[in-house]
Amino acid sequence: MTPVSSNAPHGQSPLRTVQVLGGGNAGSSAHVRSLAEGLVARGVRVTVCAPVEAERAYDFTGAGAEHVHVPRSSDPVSVAALRTACAYADLVHAHGLHASFRTVLALSGRDTPLVVTWHGRTRAEGPRAQLLRVLERRVVRTAAVVLGTSSDLVDLARRSGARDARLAAVTLPGRRRPGHLADPDDPDLLRPKIRAELGATGRPLLIAVGSLDRQRGYGVLLDAARAWRDLDPVPLVVVAGEGPLRPVLQRRIEDEELPVRLIGRRDDVPELLAAADLALLTSSWESRSVLAQEALHARVPLVATRVGGIPDLVGDAAALVPYGDADALAGTVVRLLADPGWCARLRERGVRQASTWPTEDETVAQVLSVYDELTQPRPLA
């Protein structure tokens, strides 16, 4: 890719940008960390406005950025803190709906260009859903450019009144955190250890990852798990994540004696996937699913719902099923476990598909080209 200019011409000051992150899911937080590091390396000054918890987890200052604590709230104090942080910015880039709406409030009355990236879409019902749609329209009509991480998000932004909506080049950065103790050169030693820890020695191991909430479709996953009790050996389903549905799911697992374990939030997802026979993604909607990308990178066959940005992301490298169809999910898993050839084909396709995804450098270059469009002086006609 052609290098993109980042330093201001004729010895002027470098571009000053502010990245605004809300609570931040794993994908958007990792993206901001990677983006900050890439921008700093290209001579851009970066300030990340995010809750202090996000700084602890993703170390934006370690990437060369300045961190400013801004709580995940739209109260006047948080908006004022964000307004102060953006006072001298040449451009502000907000990630996610809530962070974007706070930024719109903070920039009110200023002509600072605003770029918004939608990494996903907040789901709600009733009056809250109507409120979210109002916020979406307010944000996209204020932003100079809206970047969507999947084509359906770009379409949504355009329908909501965006002046300029584009597909974002977003990669999966930092698949292994610095200082991780796992040895990537010796997976054969790690795999049996993890399988033994999870109780999957001598039986298939199926991995699902994500917060325990309604969007993830774990109720459907438990419905499907009933059919897997009849297999010999019985597969073990392990769900890594935490959330409000844990008591409900755990009660079902115990009452129905399902071969499912909830293991809570984990920071070793790549290692869990490397030990798995299949990865399962049962969500009602996803954009650029971190789990899907991790699974293909790890050469683990993936069964996923045909929703949102998943089909474009995985191509023919995963077995896709309709959302909410427990029978289709159960049957697809059974057939995959019985068909090593199909699994092998998915592994090879996964490697090929992952090679088509943008690199971190390409992601930074695209974002920087947008920044240059919005900040570089235009020649006189």
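Because the model is predicted, local features need pLDDT of at least 70 and side-chain atom pairs count only at pLDDT 80 or more, while totals for chains, interfaces and linings use all residues. Residues are numbered from 1 along each chain as its sequence is written, and side-chain values use heavy atoms, with hydrogens and water left out.

Helix 5 has 17 residues and spans 25 Å from its first C-alpha to its last, close to the 24 Å expected at 1.5 Å a residue, where the expected span is 1.5 Å times one less than the number of residues. Its buried residues (under 20% relative accessible area with a 1.4 Å probe, protein chains only; exposed is over 50%, partly exposed in between) are Ala 129, Leu 132, Leu 135, Glu 136, Val 139 and Val 140. Seen down the axis of helix 5, these buried residues fall within an arc of 120°, so they line one face of the helix; the arc is that of the directions from the helix axis to the C-beta atoms. On the other side of helix 5, Pro 127 and Gln 130 are exposed. The cover over the buried residues includes helix 4 (97-106), strand 5 (114-118), strand 6 (145-148) and helix 6 (151-159).

Ala 106 is placed in helix 4 and counts as buried, at 0% relative accessibility. Leu 105 also lies in helix 4, but counts as partly exposed at 29%. Leaving aside residues up to four places away in sequence, Ala 106 touches Val 79, Leu 82 and Arg 83, and Leu 105 touches Val 79 and Arg 138; contact means heavy atoms within 4.5 Å.

Turning to the helix pair, the axes of helix 8 (residues 218-228) and helix 9 (residues 246-255) come within 11 Å and cross at roughly 5°. That makes helix 8 roughly parallel to helix 9, the term for angles under 35 degrees. Helix 8 contributes Tyr 218, Gly 219, Leu 222, Asp 223 and Arg 226 to the contact, and helix 9 contributes Leu 249, Arg 252 and Ile 253.

Definitions and conventions. Axes are lines fitted to C-alpha atoms, for helices over the stretch in contact, and angles run from 0 to 180 degrees between N-to-C directions. Helices (H or I, at least four residues) and strands (E, at least two) are DSSP runs, numbered from the N terminus. Angles under 35 degrees count as roughly parallel, over 145 as roughly antiparallel, 65 to 115 as roughly perpendicular and the rest as oblique.
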